[in-house]
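This briefing goes through a two-chain model by topic. Please keep the sequence and the structure in view while reading.

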Amino acid sequence: MYVVVAGGGKVGANVTRTLLEMGHEVTMIEQRPDRFALLEEEFGPVVMRGDATEISVLERAGIARPPELLLAATGDDEDNLVISQIGKEGYGVPKAIARVNDPRNQAHFDLLGITQTICATTSVLGLVEHEVPEHGLVRLLELQKEGLEIVEVQIEKDSPVAGSRAGGLKLPGGSRLISVFRHGRTELVEPETVMRPGDQVLAIVSNDSALDLRRVLLGAPK
Amino acid sequence: MKAVVIGCGRVGSAVAKGLLADGWDVTAVDESEDALMRLGSGWRGGFVVGHGMDATVLEQAGVSDADAAVVSTAGDNTNLVIGQVLQKRYGIGCVVVRVLDPARAEFYAERGLRTVCPTQTAISVLLDTVRATAPAPA
């Protein structure tokens, strides 16, 4: 597959190296002369110098072929948004993945139709939440296009559902319990599965019902 | 009628003053407090310090019920993103965005954003002036 990578920082350079090792064809664009010089030593003609938000630079990188994948991985969110928009809307690139540097800008990416994003800060925060059980409901995976998320909930002693059968629970619409992890083993949730304190429950839920699901399983937030 | 001017440099501050003189209720936004000086001591409009990518700053400047917005920060891509946010998220009918790169200005103009490209204007005026004042080559 052909991939254009905008931005030759840690993310861009490492992704490029791995894609090349996997046998893919890559062009990486880097603007800064000092960084470009270092990258050129390692990557040779794979890296080209220029501002990836300039249409002529993207065209020189082969955006019109178009590549199967465009990765906008510069350190600037506005640049990543514009690069993704030009690729998708101007050249019909089927898949653009954008790096979000500041999670506060995520809403702008969503608004402007750049739905595939990666944000290191958000990922780290997710892991932190996972380690802090008081949060109650942990978002493990967001399926943005589908409007669904996979969440994990730890059942506590005072949870309203402790001791109840899964089949008898009044779950919010658009949600379903998938599995419980207890005593080091995972079991799929059946109607006769009884919820017990200490259970880690995996559930799939629509974005707007996540808080309702939390209320059903854990009660009102303390 | 409310107008918001994002980016209060040489261009933005002059546009803000012009709109105020036309009778608009104007709020200017800039990252730097120093930009307030460009608006002059007689500035009767609003002023918010902050980045235009920050929704809190935009809302503080009153974008939710603004009728017009001019985006003229120093960065083309920043202007393009803020302009689209003002248009799509806040539904401002008249959003005008300054873009120095002619190619990007045209690309986004084709997609429904009102872009103004001073570079393209300079190119046209310079060419027209030469054409009008010098004899055409044989």
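Where is the place of P66(A) in chain A? P66(A) sits in the loop between α3 (55–60) and β4 (69–72) of chain A; helices (H or I, at least four residues) and strands (E, at least two) are DSSP runs, numbered from the N terminus. The model is a predicted one, in which local features need pLDDT of at least 70 and side-chain atom pairs count only at pLDDT 80 or more, while totals for chains, interfaces and linings use all residues. Residues are numbered from 1 along each chain as its sequence is written, and chains are lettered from A and ligands numbered from 1 in the order in which they are written.

**Backbone features of chain A**

- The peptide bond that joins R65(A) and P66(A) is cis, with omega at about -20°.
- H183(A) is not a glycine, yet its phi is positive, at about 50°.
- The loop that holds H183(A) runs between β9 and β10 (185–188) of chain A.
- H183(A) counts as exposed because it has 8 C-beta neighbours inside 10 Å; a residue is buried if 20 or more other C-beta atoms lie within 10 Å of its own, exposed if 12 or fewer, and partly exposed in between, with C-beta atoms placed from the backbone.

**Domains of chain A**

- Chain A is divided into domain 1 (2–119) and domain 2 (132–218), with bounds that come from an automatic or database domain assignment.
- Taken over C-alpha atoms, the centres of domain 1 and domain 2 of chain A are separated by 38 Å.

**Helix α7 of chain A**

- Helix α7 (residues 210–218) of chain A has as its buried residues A210(A), L213(A), R214(A), L217(A) and L218(A).
- These residues cover an arc of only 105° around the axis, so they are on the same side of α7(A); the arc is that of the directions from the helix axis to the C-beta atoms.
- The buried residues of α7(A) pack against β7 (137–143), β8 (148–154), β9 (175–182) and β11 (200–206) of chain A; two residues are in contact if their C-beta atoms, placed from the backbone, lie within 7 Å.
- G219(A) follows α7(A) and has a positive phi, near 90°.

**Two further residues of chain A**

- A107(A) lies in helix α5 (residues 106–111) of chain A and counts as exposed, with 12 C-beta neighbours inside 10 Å.
- A107(A) and E152(A) are 45 residues apart along the chain, and their C-alpha atoms are separated by 24 Å.
- T193(A) is placed in the loop between β10 and β11 of chain A and counts as partly exposed, with 19 C-beta neighbours inside 10 Å.
- Not counting residues up to four places away in sequence, T193(A) touches A166(A), V180(A) and E187(A).
- The C-alpha atoms of T193(A) and D212(A), 19 residues apart along the chain, are separated by 21 Å.

**Chain B as a whole**

- Chain B contains six helices and six strands, and from the N terminus on its elements run β-α-β-α-β-α-β-α-β-α-β-α.
- The C-alpha trace of chain B spans about 60 × 35 × 25 Å along its principal axes.
- Of the 138 residues in chain B, 38% are buried.
- Among contacts in chain B between residues at least 6 apart in sequence, 44% join residues at least 24 apart.

**The α4 helices at the contact**

- Two packed helices are described by the angle between their axes and the distance between the axes.
- The axes of helix α4 (residues 77–91) of chain A and helix α4 (residues 76–88) of chain B come within 8 Å and cross at roughly 70°; axes are lines fitted to C-alpha atoms, for helices over the stretch in contact, and angles run from 0 to 180 degrees between N-to-C directions.
- α4(A) and α4(B) are therefore roughly perpendicular to each other (under 35 degrees counts as roughly parallel, over 145 as roughly antiparallel, 65 to 115 as roughly perpendicular and the rest as oblique).
- E78(A), D79(A), L81(A) and V82(A) of α4(A) make this contact with N77(B), T78(B), L80(B) and V81(B) of α4(B).
- The residues of this contact divide into four nonpolar, two polar and two charged.
- Q84(B), in helix α4 of chain B, is buried, with 24 other C-beta atoms within 10 Å.
- Q84(B) touches L112(A) and L113(B), not counting residues up to four places away in sequence.

Notes: Nonpolar A, V, L, I, M, F, W, Y, C, P; charged D, E, K, R; others polar.
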